[in-house]
Amino acid sequence: MKYLGDDKNLIPPIDQIVLERIGRASTEILNEISLPPFITENNIVGTTQIPLEPATHLVTDKRYYYKINTRGNKISAMCLAF
């Protein structure tokens with residue numbers, strides 16, 4: 001990974017997970033230690049499908065900008081003018 005530099009962002013997330021697991025296994029073998037996994041597996045099975053909202057992209061321009069904030073368990077987005 002150190003040789004990739006800024007090109008690390010070009011690796012898909014699933015490949016990053018595989019590389020992380022290979023790196024952890026290599027570290028455990030070389031140092032003769034056991035590390036707890038960062039990713040925990042689960043066997044959760046659901047019966048209800050929850051539709052997700054489409055991804056919204058906030059595009060700034062020279063006239064408006066956006067302020068995103070969280071309070072408690074709510075998210076707010078404000079569109080403000082320059």
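**Surface patch, helix and hairpin**

Ile14, Ile17, Val18, Leu19 and Ile22 form a nonpolar surface patch with about 430 Å² of accessible area together. The model is predicted: local features need pLDDT of at least 70, side-chain atom pairs count only at pLDDT 80 or more, and totals for chains, interfaces and linings use all residues. Residues are numbered from 1 along each chain as its sequence is written, and side-chain values use heavy atoms, without hydrogens and water.

**Patch and helix**
- Nonpolar side chains (Val, Leu, Ile, Met, Phe, Trp, Tyr) are joined within 5 Å, like charges within 9 Å.
- Leu19 lies in helix H1, residues 13–31.
- Leu19 counts as partly exposed because its relative accessibility is 37%; buried is under 20%, exposed over 50%, partly exposed in between (1.4 Å probe, protein chains only).

**Hairpin**
- Strands E1 (residues 64–71) and E2 (residues 74–81) run antiparallel, joined by eight bridges. Pairing takes at least two DSSP bridges.
- Tyr65 sits opposite Leu80 of E2.
- Two residues separate the strands, and Gly72 has a positive phi near 65°.

**Whole chain**
- The chain has one helix and two strands, in the order α-β-β. These are DSSP runs numbered from the N terminus: helices (H or I) of at least four residues, strands (E) of at least two.
- Of its 82 residues, 2% count as buried.

Technical notes:
Patches are made of residues with over 30% relative accessible area and no salt bridge: like charges are joined within 9 Å, nonpolar side chains (Val, Leu, Ile, Met, Phe, Trp, Tyr) within 5 Å. Accessible areas come from the Shrake-Rupley method with a 1.4 Å probe; for residues, only the protein chains shown count as cover. A salt bridge is a side-chain nitrogen of Lys or Arg within 4 Å of a carboxyl oxygen of Asp or Glu.
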